[in-house]
Amino acid sequence: MNKILKAIDERLKLSELYEKYLSGYMVPGNLNFWYCLGSVLIVIFSIQIITGILLLMYYIPSVDKAFESVMYITNKVPFGWLIRRVHAVGANLFVLVLFFHMFSVLIMGSYKKPREIHWITGCLLFALVLVECLSGYLLPWSQLSYWATTVATNFPGAFPFIGDFLVYVIRGGEKVTQLTLGRFFSIHVSLIPFTIFILIAIHIFVIRRTGISFPPGTDETKVKKIPFFPHFVLEDLKVIYIFLAIMFLIVFFYPQFVLPRDALIPADPLSTPEHIKPEWYFLANYQFLKLIPNEFLGIFLQLIIAVIIFLLPFIDRTPERRIWKRPVFFGIVIFGIIFYVLLTIWGYIS
Amino acid sequence: MDKKMTRRKFLGKLVAGILGGTIALFTAPIAFYLLPKKEKKKLNIFVDPKGNPIPESSIKEGDYELGLSDEGPVIIVRREGVLYAFSAVCTHLGCIVKWIPSRNEFLCPCHAGRFDANGAVISGPPPAPLKRYKIEITSEGFIILS
Ligand code: HEM
Ligand code: FES
């Protein structure tokens with residue numbers, strides 16, 4: 001065995017790469033908990049890919065068979081329930097950890113020069129993960145899927161002039177039908193995961209090129225550096241296992257968080273269940289739209305906020321990263337988060 | 001040297017041109033592939049979810065029937081002998097409305113939009129009245145919407 005490895009190494013010089021990019025890559029020794037969230041996201045993404053491939057083996061993307069095939073996975077396939085629940089809980093955790101990751105980048109000011117591209121690719125990833133969640137939501141063709149998608153795909157209709165056309169293209173027709181299921185299925189299992197993969201690669205490439213940031217307020221010349229592998233990877237693993245524990249806690253004991261009652265009823269285009277609501281991460285946007293009397297204005301305002309967040313590194317150009325030296329920015333962020341959380345709670349109880 | 005550079009530049013442009021042209025050529029069919037064709041309108045018959053026509057006689061006085069047309073869910077109500085057909089799709093966000101006989105109005109379960117017996121909005125978020133259909137009865141007693 002060793003001999004084979006040696007022979008390979010002699011030819012490909014892999015140990016050189018290992019020394020250069022893993023054991024010889026030095027990172028600040030005082031990186032905190034928040035710096036591990038990126039690795040958590042990579043792990044969750046991998047889990048989604050693996051469970052997704054497994055689900056694909058039994059899932060049938062047809063309005064007559066989809067719900068049945070999902071029930072078959074849950075009830076008949078050995079450990080099918082486990083795979084399905086992990087995929088559903090993983091999606092929710094993905095969004096949650098993305099929120100935390102973005103929050104830490106905001107607070108630590110790590111989106112500032114020279115890390116603007118990190119932020120831009122990150123925002124694109126965030127948007128894509130949300131689209132991935134939305135498209136995956138339709139696939140079981142349950143009451144929950146069908147009506148949540150009907151309502152969600154109606155919103156673009158509020159755009160003047162092109163609104164109806166947008167809805168038509170997204171749904172592949174006037175209503176949510178097999179045509180919608182077909183396109184959502186296709187983008188959910190191929191286009192979006194592939195794009196996410198490429199973007200993660202770019203995200204990590206630019207992080208390695210600039211090096212990871214020092215925690216704000218530390219003297220870069222005095223901080224001791226540690227090797228990325230194995231020292232920092234071990235730190236990463238600690239946090240990864242914390243999140244895995246949370247994930248399996250929900251998978252085993254609280255699956256109804258992600259699979260409520262309406263998820264267990266097949267889609268019926270002629271009967272809308274009471275109180276349909278979007279997933280928790282869309283509740284704030286949903287409540288916002290309900291509060292603004294003009295639907296287009298509501299969407300337009302949200303788009304403006306999204307563009308501001310996207311372009312943040314070019315709007316906020318001061319080099320100061322320490323949050324206590326940026327009281328106005330800190331105030332806006334805290335206000336924004338409180339506003340968002342309140343809207344979410346309001347959307348949940350109303 | 002100079003000459004070689006221009007040759008190189010020319011070839012570079014050529015490659016870019018070929019690739020660009022190829023992409024442009026393929027974009028149009030892909031765009032059309034993604035836009036489904038609108039189907040030619042046939043007779044728009046009121047059917048149940050399995051596609052079987054619903055006979056006019058099955059809707060009793062004061063009762064209503066929920067079914068499908070080519071354009072989606074339709075709700076038909078019989079009041080004082082006359083049939084009234086409306087799109088059952090709420091004009092707010094597309095939920096299916098219900099007929100509440102005791103109040104002579106339609107109610108949308110999603111955000112409590114209310115419509116009167118003529119489909120006009122009484123209260124709630126819906127921005128427009130329910131779409132009304134004209135009704136014709138075929139000799140077999142089936143309902144044609146237009
Ligand atoms: C699929 C989603 C994502 C994955 C897998 C991912 C992964 C990573 C990884 C591994 C790191 C390095 C370690 C760390 O600080 O955690 C990182 C850093 C970073 N991420 Fe992400 N990320 C994702 C989404 C985002 C989003 C949504 C944003 C913000 C809009 C973002 C902005 C950044 C920035 C600015 C850094 C640099 C931090 C620094 O150097 O201190 N990322 N990301
Ligand atoms: S969808 Fe009918 S009131 Fe909102």
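# A guided tour of chains A and B

Begin in chain B by selecting B:L66 and B:I75: in strand β2(B), B:I75 is the bridge partner of B:L66. The model on the screen is a predicted one.

**First stop: the strands around β2(B)**

A second pair to display is B:G67 and B:V74, which stand opposite each other, the latter in β2(B). The two strands make a hairpin, with two residues between them.

In β3(B), B:F86 is the bridge partner of B:I75. Strand β3 covers residues 82–87 of chain B, and β2(B) is joined to β3(B) by six bridges in an antiparallel arrangement.

Is β2(B) largely enclosed or largely in the open? Seven of its eight residues are buried, so the rest of the structure largely encloses this strand.

Next, select B:E80, in the loop between β2 and β3 of chain B. The strands β2(B) and β3(B) also form a hairpin with two residues between them, and B:E80 belongs to its turn. Although B:E80 is not a glycine, its phi is positive, at about 50°. With a relative accessibility of 75%, B:E80 counts as exposed.

**Second stop: the open sheet of chain B**

Select β4, β5, β6 and β7 of chain B. These four strands form an open sheet in the order β4-β5-β6-β7, with antiparallel pairing. At its edges are β4 (98–100) and β7 (121–123), each of which pairs on one side only. On average, neighbouring strands in this sheet are turned by 35° against each other, direction ignored.

B:F115 can be shown together with B:V121, its bridge partner in β7(B).

Move to ligand 1 and display its surroundings. How many residues surround ligand 1? There are 23, and the closest are A:Y35, A:H101, A:G122, A:H203 and A:S213. The shell divides into 14 nonpolar residues, eight polar residues and one charged residue.

- Select the side chain of A:H203: one of its N or O atoms is 2.8 Å from a nitrogen atom of ligand 1.
- Select the backbone of A:G38: an N or O atom there lies 2.9 Å from an oxygen atom of the ligand.
- Select the side chain of A:R115: an N or O atom in it is 3.4 Å from an oxygen atom of ligand 1.

To see which elements contribute to the shell, colour α3 (37–56), α5 (80–107), α6 (116–138) and α9 (178–210) of chain A; these are the elements that give two or more residues to it. The largest share, six residues, comes from α6(A).

Select A:V97, A:W119, A:I196 and A:F232. Within the largest nonpolar core, which has 54 residues, these four touch the most other members. The elements giving two or more residues to this core are α3, α5, α6, α9, α10 (228–253) and α14 (327–349) of chain A. Its largest share, 13 residues, comes from α5(A).

Select A:K113 and A:P114, which are joined by a cis peptide bond with an omega of about 5°. A:P114 is located in the loop between α5 and α6 of chain A. Then select A:F229 and A:P230, where the peptide bond is again cis, with omega near 0°. A:P230 lies in helix α10 of chain A.

Continue to A:W141, in the loop between α6 and α7 (143–152) of chain A. A:W141 has a positive phi of about 55° although it is not a glycine. Is A:W141 buried or exposed? With a relative accessible area of 7%, A:W141 is buried, as values under 20% count as such.

**Last stop: helix α1(A)**

Finish with residues 2–12 of chain A, which form helix α1. Of its 11 residues, the number buried is zero, so the helix lies largely in the open. Directly after α1(A), select A:K13, whose phi is positive, near 55°.

Conventions
Residues numbered from 1 in each chain as written. Chains lettered and ligands numbered in written order. Predicted model: local features only at pLDDT ≥ 70, side-chain atom pairs only at ≥ 80, totals over all residues. Heavy atoms only, no water. Pairing = 2+ DSSP bridges. Axes fitted to C-alpha atoms, helices over the stretch in contact; angles between N-to-C directions. Near = heavy atom within 4 Å. Polar contact = N/O pair within 3.5 Å; in protein donor to acceptor, adjacent residues only side chain to side chain. Nonpolar A, V, L, I, M, F, W, Y, C, P; charged D, E, K, R; others polar. Core = buried A, V, L, I, M, F, W, Y, C linked by side-chain atoms within 4.5 Å. Buried < 20%, exposed > 50% of the residue type's maximum accessible area, 1.4 Å probe, protein only.
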